[in-house]
Amino acid sequence: MSEKPKPPTVVLDDPEDRRGRLKQIGGSQSDRWNNTLANQTMSALWIAHAGPGERDVLFGAAAAGLAGIAPKDEIEGMLAAQMIAAHAAAMECYRRAMLPEQPVHGRQDNLNAANKLQRSFAVTLDALNRHRGKGAQSITVRHVTVNADQAIVGDVTHNGGPGAQTKLEGQSHAITYAPGQTLWGENPIGPAVPVTVDAKR
(Lines give C-alpha, C1' and ligand atoms only; values in the text may rest on other atoms or scores of the structure.)
Protein backbone atom coordinates (compact mmCIF):
# COMPACT_ATOMS: atom_id res chain seq x y z
CA MET A 1 0.00 0.00 0.00
CA SER A 2 1.19 3.44 -0.86
CA GLU A 3 1.37 5.94 1.93
CA LYS A 4 -1.00 8.88 1.99
CA PRO A 5 0.65 12.09 0.91
CA LYS A 6 1.41 14.33 3.82
CA PRO A 7 -0.52 17.61 3.91
CA PRO A 8 1.59 20.59 2.95
CA THR A 9 3.18 22.56 5.73
CA VAL A 10 2.75 26.32 5.52
CA VAL A 11 5.09 28.54 7.50
CA LEU A 12 3.78 32.09 7.76
CA ASP A 13 6.56 33.58 9.83
CA ASP A 14 9.51 32.43 7.76
CA PRO A 15 12.02 35.29 8.17
CA GLU A 16 13.54 34.52 4.77
CA ASP A 17 10.14 34.97 3.13
CA ARG A 18 9.18 38.09 5.06
CA ARG A 19 11.98 40.28 3.75
CA GLY A 20 9.73 41.90 1.16
CA ARG A 21 12.50 42.34 -1.41
CA LEU A 22 9.89 42.21 -4.19
CA LYS A 23 7.21 44.24 -2.43
CA GLN A 24 7.26 46.86 -5.20
CA ILE A 25 5.83 44.19 -7.53
CA GLY A 26 3.21 42.46 -5.38
CA GLY A 27 2.66 44.83 -2.45
CA SER A 28 3.33 42.15 0.17
CA GLN A 29 5.99 41.66 2.77
CA SER A 30 5.97 38.02 1.67
CA ASP A 31 8.15 37.36 -1.36
CA ARG A 32 6.31 34.11 -1.98
CA TRP A 33 3.20 36.17 -2.57
CA ASN A 34 5.06 38.67 -4.73
CA ASN A 35 6.61 35.92 -6.86
CA THR A 36 3.30 34.11 -7.23
CA LEU A 37 1.52 37.30 -8.29
CA ALA A 38 4.23 38.12 -10.82
CA ASN A 39 4.04 34.60 -12.28
CA GLN A 40 0.23 34.79 -12.48
CA THR A 41 0.48 38.10 -14.33
CA MET A 42 3.02 36.79 -16.81
CA SER A 43 1.01 33.62 -17.37
CA ALA A 44 -1.94 35.77 -18.41
CA LEU A 45 0.03 37.33 -21.28
CA TRP A 46 -0.47 36.09 -24.86
CA ILE A 47 2.94 34.71 -25.82
CA ALA A 48 1.99 31.84 -28.15
CA HIS A 49 3.57 33.48 -31.18
CA ALA A 50 6.44 35.20 -29.37
CA GLY A 51 10.01 34.02 -29.64
CA PRO A 52 12.23 33.55 -26.56
CA GLY A 53 13.65 37.06 -26.79
CA GLU A 54 10.23 38.62 -27.23
CA ARG A 55 8.84 36.64 -24.29
CA ASP A 56 11.57 38.02 -22.06
CA VAL A 57 10.65 41.53 -23.17
CA LEU A 58 6.95 40.91 -22.45
CA PHE A 59 7.68 39.42 -19.03
CA GLY A 60 9.96 42.33 -18.17
CA ALA A 61 7.31 44.79 -19.30
CA ALA A 62 4.68 43.11 -17.11
CA ALA A 63 6.98 43.27 -14.08
CA ALA A 64 7.73 46.91 -14.84
CA GLY A 65 3.99 47.59 -15.06
CA LEU A 66 3.42 46.07 -11.62
CA ALA A 67 6.28 48.11 -10.18
CA GLY A 68 4.93 51.25 -11.88
CA ILE A 69 1.51 50.81 -10.29
CA ALA A 70 3.43 50.38 -7.02
CA PRO A 71 0.99 48.28 -4.96
CA LYS A 72 1.15 49.06 -1.25
CA ASP A 73 -0.53 45.86 -0.03
CA GLU A 74 -1.81 42.52 -1.30
CA ILE A 75 -5.17 43.92 -2.42
CA GLU A 76 -3.47 46.56 -4.55
CA GLY A 77 -1.17 43.86 -5.90
CA MET A 78 -4.12 41.74 -7.05
CA LEU A 79 -5.82 44.72 -8.66
CA ALA A 80 -2.60 45.71 -10.41
CA ALA A 81 -2.18 42.19 -11.80
CA GLN A 82 -5.77 42.13 -13.05
CA MET A 83 -5.33 45.51 -14.74
CA ILE A 84 -2.25 44.33 -16.62
CA ALA A 85 -3.97 41.08 -17.62
CA ALA A 86 -7.08 42.94 -18.84
CA HIS A 87 -4.96 45.42 -20.80
CA ALA A 88 -2.90 42.67 -22.43
CA ALA A 89 -6.01 40.68 -23.38
CA ALA A 90 -7.74 43.77 -24.77
CA MET A 91 -4.74 44.63 -26.94
CA GLU A 92 -4.59 41.05 -28.22
CA CYS A 93 -8.26 41.28 -29.19
CA TYR A 94 -7.59 44.53 -31.02
CA ARG A 95 -4.65 42.90 -32.83
CA ARG A 96 -6.78 39.98 -33.95
CA ALA A 97 -9.58 42.29 -35.09
CA MET A 98 -7.15 44.04 -37.42
CA LEU A 99 -5.83 40.90 -39.15
CA PRO A 100 -6.38 41.23 -42.92
CA GLU A 101 -7.83 37.72 -43.23
CA GLN A 102 -10.20 38.23 -40.31
CA PRO A 103 -13.85 37.72 -41.36
CA VAL A 104 -16.35 40.44 -40.51
CA HIS A 105 -18.00 38.51 -37.68
CA GLY A 106 -14.58 37.59 -36.25
CA ARG A 107 -13.53 41.23 -36.26
CA GLN A 108 -16.75 42.24 -34.55
CA ASP A 109 -16.37 39.52 -31.90
CA ASN A 110 -12.84 40.64 -31.11
CA LEU A 111 -13.84 44.29 -30.91
CA ASN A 112 -16.72 43.41 -28.57
CA ALA A 113 -14.38 41.39 -26.37
CA ALA A 114 -11.87 44.25 -26.31
CA ASN A 115 -14.64 46.65 -25.29
CA LYS A 116 -15.63 44.41 -22.35
CA LEU A 117 -12.02 44.09 -21.30
CA GLN A 118 -11.59 47.86 -21.38
CA ARG A 119 -14.61 48.21 -19.11
CA SER A 120 -13.16 45.62 -16.75
CA PHE A 121 -9.91 47.58 -16.73
CA ALA A 122 -11.76 50.81 -15.88
CA VAL A 123 -13.73 49.14 -13.08
CA THR A 124 -10.54 47.66 -11.62
CA LEU A 125 -8.76 51.00 -11.82
CA ASP A 126 -11.68 52.65 -10.03
CA ALA A 127 -11.53 49.98 -7.32
CA LEU A 128 -7.79 50.61 -6.90
CA ASN A 129 -8.33 54.36 -6.61
CA ARG A 130 -11.15 53.89 -4.08
CA HIS A 131 -8.96 51.54 -2.06
CA ARG A 132 -6.27 54.21 -2.07
CA GLY A 133 -8.78 56.88 -1.05
CA LYS A 134 -8.79 58.75 -4.35
CA GLY A 135 -12.33 57.96 -5.33
CA ALA A 136 -14.18 60.50 -3.18
CA GLN A 137 -16.92 62.24 -5.11
CA SER A 138 -17.46 65.99 -5.12
CA ILE A 139 -21.07 67.05 -4.58
CA THR A 140 -22.26 70.61 -5.18
CA VAL A 141 -25.52 71.73 -3.59
CA ARG A 142 -26.97 74.99 -4.87
CA HIS A 143 -28.80 77.10 -2.30
CA VAL A 144 -31.19 79.82 -3.40
CA THR A 145 -32.58 82.31 -0.87
CA VAL A 146 -35.35 84.54 -2.17
CA ASN A 147 -36.55 87.50 -0.11
CA ALA A 148 -38.71 90.52 -0.70
CA ASP A 149 -35.81 92.75 -1.78
CA GLN A 150 -33.16 90.41 -3.13
CA ALA A 151 -32.27 86.92 -4.31
CA ILE A 152 -28.76 85.61 -3.73
CA VAL A 153 -27.41 82.32 -5.02
CA GLY A 154 -24.42 80.53 -3.53
CA ASP A 155 -22.67 77.21 -4.10
CA VAL A 156 -21.78 74.86 -1.30
CA THR A 157 -19.25 72.24 -2.36
CA HIS A 158 -18.72 69.16 -0.25
CA ASN A 159 -15.78 66.89 -1.07
CA GLY A 160 -16.52 63.42 0.18
CA GLY A 161 -14.22 61.59 2.55
CA PRO A 162 -13.49 61.56 6.26
CA GLY A 163 -12.90 64.94 7.80
CA ALA A 164 -14.18 66.76 4.75
CA GLN A 165 -15.25 70.37 5.24
CA THR A 166 -17.92 72.40 3.54
CA LYS A 167 -16.65 75.20 1.33
CA LEU A 168 -18.65 78.24 0.31
CA GLU A 169 -17.83 79.46 -3.16
CA GLY A 170 -18.64 82.82 -4.66
CA GLN A 171 -19.88 85.54 -2.34
CA SER A 172 -18.98 85.50 1.30
CA HIS A 173 -22.68 86.07 2.11
CA ALA A 174 -23.88 83.28 -0.13
CA ILE A 175 -26.98 82.71 2.00
CA THR A 176 -28.53 85.83 3.45
CA TYR A 177 -31.83 87.45 4.28
CA ALA A 178 -33.37 90.86 3.79
CA PRO A 179 -33.42 93.23 6.76
CA GLY A 180 -36.56 92.97 8.75
CA GLN A 181 -37.24 89.36 7.84
CA THR A 182 -37.62 86.84 10.64
CA LEU A 183 -35.48 83.71 10.47
CA TRP A 184 -35.99 80.40 12.22
CA GLY A 185 -34.19 80.31 15.51
CA GLU A 186 -33.75 84.09 15.63
CA ASN A 187 -34.81 84.08 19.27
CA PRO A 188 -32.79 81.28 20.92
CA ILE A 189 -34.75 81.60 24.18
CA GLY A 190 -38.42 80.82 23.73
CA PRO A 191 -41.27 81.25 26.18
CA ALA A 192 -41.08 79.42 29.47
CA VAL A 193 -42.65 75.96 29.46
CA PRO A 194 -43.84 74.48 32.77
CA VAL A 195 -42.12 71.22 33.61
CA THR A 196 -43.51 68.65 36.01
CA VAL A 197 -40.83 67.11 38.20
CA ASP A 198 -41.33 63.71 39.76
CA ALA A 199 -40.06 64.08 43.32
CA LYS A 200 -39.41 60.35 43.59
CA ARG A 201 -36.97 60.53 40.66
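At roughly what angle do the axes of α3 and α4 cross? In this predicted model, the axes of α3 and α4 cross at roughly 135 degrees and come within 10 Å. The briefing below takes up that crossing, then two further helix pairs, and finally the aromatic side chains.

**Helices α3 and α4**

- Because angles over 145 degrees count as roughly antiparallel, the crossing at roughly 135 degrees leaves α3 and α4 oblique to each other.
- The crossing of α3 and α4 is right-handed, and the residues that make the contact are Ala 62, Gly 65, Leu 66 and Ile 69 on the α3 side, with Ala 80, Ala 81, Met 83 and Ile 84 on the α4 side.
- Sorted by class, the contact of α3 with α4 comprises seven nonpolar residues and one polar residue, with no charged residues.

**Helices α2 and α3**

- Helix α2, which spans residues 31–43, and helix α3, which spans residues 52–69, have axes that come within 10 Å and cross at roughly 125 degrees, and the two helices are therefore oblique to each other.
- The handedness of the crossing of α2 and α3 is right-handed, and the contact brings together Ala 38, Thr 41 and Met 42 of α2 with Phe 59, Ala 62, Ala 63 and Leu 66 of α3.
- The residues of this contact of α2 with α3 divide into six nonpolar and one polar, and none of them is charged.
- Ala 62 and Leu 66 of α3 are listed in the contact with α2 and also in the contact with α4.

**Helices α4 and α5**

- Helix α4 (residues 74–97) packs against helix α5 (residues 104–131) at an angle of about 160 degrees, and their axes are 8 Å apart, which makes α4 roughly antiparallel to α5.
- The crossing of α4 and α5 is left-handed, whereas that of α3 and α4 is right-handed.
- In the contact of α4 with α5 there are 17 nonpolar, six polar and three charged residues.

**Aromatic side chains**

- The charged end of Arg 96 sits over the ring of Trp 46, at a distance of 4.4 Å from the centre of that ring.
- With a pair requiring ring centres within 6.5 Å, the count of aromatic pairs comes to zero.

Note on methods. Residues are numbered from 1 along each chain as its sequence is written. This is a predicted model: local features need pLDDT of at least 70, side-chain atom pairs count only at pLDDT 80 or more; totals for chains, interfaces and linings use all residues. Side-chain values use heavy atoms; hydrogens and water are left out. Axes are lines fitted to C-alpha atoms, for helices over the stretch in contact, and angles run from 0 to 180 degrees between N-to-C directions. Helices (H or I, at least four residues) and strands (E, at least two) are DSSP runs, numbered from the N terminus. Angles under 35 degrees count as roughly parallel, over 145 as roughly antiparallel, 65 to 115 as roughly perpendicular and the rest as oblique. A crossing is left-handed if the near helix is turned anticlockwise from the far one by less than a right angle, and right-handed if clockwise. Contact means heavy atoms within 4.5 Å. Ala, Val, Leu, Ile, Met, Phe, Trp, Tyr, Cys and Pro count as nonpolar, Asp, Glu, Lys and Arg as charged, and the others, Gly among them, as polar. Rings of Phe, Tyr and Trp (its six-membered ring) pair if their centres lie within 6.5 Å; planes under 30 degrees apart count as stacked, over 60 as edge-to-face and the rest as tilted. A charge sits over a ring if NZ of Lys or CZ of Arg is within 6 Å of the ring centre and within 35 degrees of the ring normal.
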